[in-house]
Structure formats: structure tokens, C-alpha cells
Amino acid sequence: MKIKAPRGTIDFLPGRIELWQYIQEVSREVFSRYGYAEINTPIFEYTELFLRGIGDTTDVVSKQMYTFTVKDDKSYTLRPEGTASVVRSYLEHGLGAAPQPVKLFYIGPIFRHERPQKGRYRQFHQLGAEAIGSQDPALDAEMIVMSMEILQKLGLGNFLVNINSIGCPVCRPTYRQALRDHISPSLAKVCPTCQERFEKNPLRILDCKIAACKEVADGAPKSIDYLCPECQTHYAQVCEYLDAFKITYRQNDLLVRGLDYYTKTVYEVESLDLGAQSALSGGGRYDGLVAELGGPATPAVGFASGMERILLVLEEQGIKSPHSTAVDVFVISLGDAVRTQALVITQQLRQAGLKVETDYLGRSMKSQMKQADRLGAKYVLILGEDELAKGVVQVRDMQDSAQTEVPLSQVVDRLSQNAQQPAKA
Ligand SMILES: [Zn+2]
Ligand SMILES: [Zn+2]
């Protein structure tokens, strides 16, 4: 029996990984322009971090975590999201003493035991950013435009920002109660999960996908009608900035996001070109999380994007990495007698900065030529016994098939000049 990769995981192979790398390259470039520095935290943490950080009534924590113990009997969990680890690290390394806000981004794997489907995997990857240490609504707006700029730079468009404010510890209890009062008469109709949510986490009933729950959520009180003055002002300011940036957004009363730590702003960017799984990035403010994890009261805001979903969308839209995988030079050697010299030239060309391939299977001239063609070689260099005896090599320009004889002593210089010029039209 052949062993397969675990269900819900992906191998990224050459041919696909180039676009995958391009997503990271564009993200790093955008993050850096907005002043975010990269942070790399472990992919596993003590389980307690996620229980305290994300909240044990969320689906992510109660149903989807990969939790394990090893010989030390401590409980570990593969990270089911990125923010808790970044905040843990911020506290552990005293980043609260650095100039605030501390702006960090991460790119890496996330693990959730969910039913795999298109665009949803058990090991998936997120790119995300966190700005910790300021409650300025400019940062909420910055997260939204920055996450959109990454998607735009990758070639995507037609976005709609869904945005909402879910209040703070001052105003949310009143809203929660109003929501319970609305749902209570119909509690028997909602799904078992929502019945569990009713006491501890009634906001999540608003974004349940089940029809009966949607019906109950319809006409429910809106969180923005219950905001305290501080939350109201903050939300109005975020919207004002989005208007100033000319971002198309929609106040979505049902948007609450899946994690407990959010306060005030929550948002999702969806692409109108996609179907049901249309959210390409999402995030919000989490002013209580740093304190929840044992730090001083510290406001913060962040977002994350699922990279597999972005990859699928780029592929569906026929978008490719702009970086060519073609080789500059293919070195054809004919016969054992010239093999060493051919390898020396190959090596010298590589060290001169060119992308160079050669034959490793003792193929015929014709099939080496075919291989050069397959690899998209700009130049083919042909070395046979006659050439070696004369101290020359044949250089063929693959664009116009022109072939010239070049002295062995000059070929590296000549090709490193030529191959670095843009290809002829
Ligand atoms: Zn409030
Ligand atoms: Zn439900």
C-alpha cells in the first residue's frame, strides 16, 4: 500500500509553487511598505494559550484543534490561528516597551480539523498582520486597505468590504441581552450548536449558515444600534477613513467573525467574482486579548488571509507568477570525451549568474535539443569532440536559430552579457 498525504493537506509542486511563492513575495513587499516587520512563531503552543486567547466556546477551539501530549505530559496544540501566538510573543519578549504600535506580520501554516472541501484544508496557510498598542481607528482602516492592496497587487479586483462593529465590554452585554430576548421565543427552532451558543456566545447565531438559524437572525437587533459613545465614535471614524480612501464597503449587521477576542471593528473583504466561499481576508480589533493573556490593557487590531483560497482564485482567473522559470542556457555535450569540459562551462556560467541546465542521461543530440526547448532555454551551447579539439563551442540563439562559433575562452563572458538582456521580440 502506498502512503498518501493526510486528508485535507496539499503538496505544492513545481508548476504551482511559483504562484504560491509569488503570493508571499507580494505580501512581504506590501507589508514592508506599510511598516510591518515579519515575525515567525512556533507552529505549536501550549494548549492553554488558545483556550484563553480564542475562547473555549468557539468552534475553532471546541471542535477543530489538533491537540496532543508528549512524554512531558503537557498539552500542546498546533496553532489554529495566528494572532494568539503573536500576542504571546509580544508579551514574552517585552515588546510593550518598544515604541507603539508594534506592527508585525506572519506567513505560515495553520491547523484546523474541519471537513475538507474546495478551498478549505486541515493544514492551510495564512498571511496576516497585527498592530498592537494603539486604538487609533486609522489602524483599523490601514488593515483593510493593506489586505486589499495585497489582493490587488496579485491581480484581483471587484472587492466588497463587509464591516461591522460588535462593541466593547461596556456596551456588548446590553446588546447580548437584546439578542437573547429576540432569539429566546424561537430558541427551539435554531440548530443544536446555536442552542449551545445562546447563553455564552449568542452573537455567533447571527452568522450560522443553517436556514432555520438565519430565519431567527433575520430582524434581530443590530450591534451598531447598541454601541456606547466611545465605540460609536471609533466606528464612525473607521468609516470616515474608508470613505476618504474611496473604498467600497457595506455595513453588514450579521458579521461577527468566529473568534471571541474581537471588539469594535470586524471586517471581511469578499471578491464579487467568487461564489459561496468568497471572503479573501478578514480581521478586526481585539482590544481585550493582550490583557486576557496576562499583559496590561493594550488595544490591537489585525487581519488574516487564507493563502490556499487566494491561490485558487488566482488560478481560476488565469493569473500566473510573473517570474520566468525558463533557463538561460542549456549545455549540450556530445560524447564522454567532452563531458568534463561541458560540466566546467556549465559551472562557470552558473557562477556568472545564469540559470543553466545540462544533460544527465547521456541523451542524443536531438533529445538534448528537445530538453533545451522544453526548459525554455534562450541559448543552447553545443560541445562535441571537433569543437573541443578546435577550442570552440557552438552557440545557438534559440529565438532565431542563428548559430555562431565562439572560442571556449570567451563563451562565459559572451553569454553572461547576452543572456541578461531582455529576450528579443
Ligand atoms: Zn462600546
Ligand atoms: Zn445555527
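Two strands pair if DSSP finds at least two bridges between them, and strands (E, at least two residues) and helices (H or I, at least four) are DSSP runs numbered from the N terminus.

**View 1. The whole chain of the predicted model.** The chain holds 15 helices and 16 strands. Its radius of gyration, taken over C-alpha atoms, is 28 Å, well over the 22 Å that the globule rule (2.2 Å times the number of residues to the power 0.38) gives for 425 residues, so the chain is more spread out than a compact globule. Along the principal axes, the C-alpha atoms fill a box of roughly 95 × 55 × 45 Å.

View 2. Across the chain, buried residues make up 38% of the 425 residues.

**View 3. E10 and strand E9 (residues 263-271).** E9 and E10 run antiparallel and are joined by six bridges. Tyr-267 has Gly-283 of E10 as its bridge partner.

**View 4. E10 and strand E11 (residues 300-306).** Four bridges join these two strands, which run antiparallel. Opposite Gly-284 stands Gly-302 in E11.

**Notes on numbering and confidence.** Residues are numbered from 1 along each chain as its sequence is written, with chains lettered from A and ligands numbered from 1 in the order in which they are written. In this predicted model, local features need pLDDT of at least 70 and side-chain atom pairs count only at pLDDT 80 or more, while totals for chains, interfaces and linings use all residues.

Conventions
A residue is buried if 20 or more other C-beta atoms lie within 10 Å of its own, exposed if 12 or fewer, and partly exposed in between; C-beta atoms are placed from the backbone.
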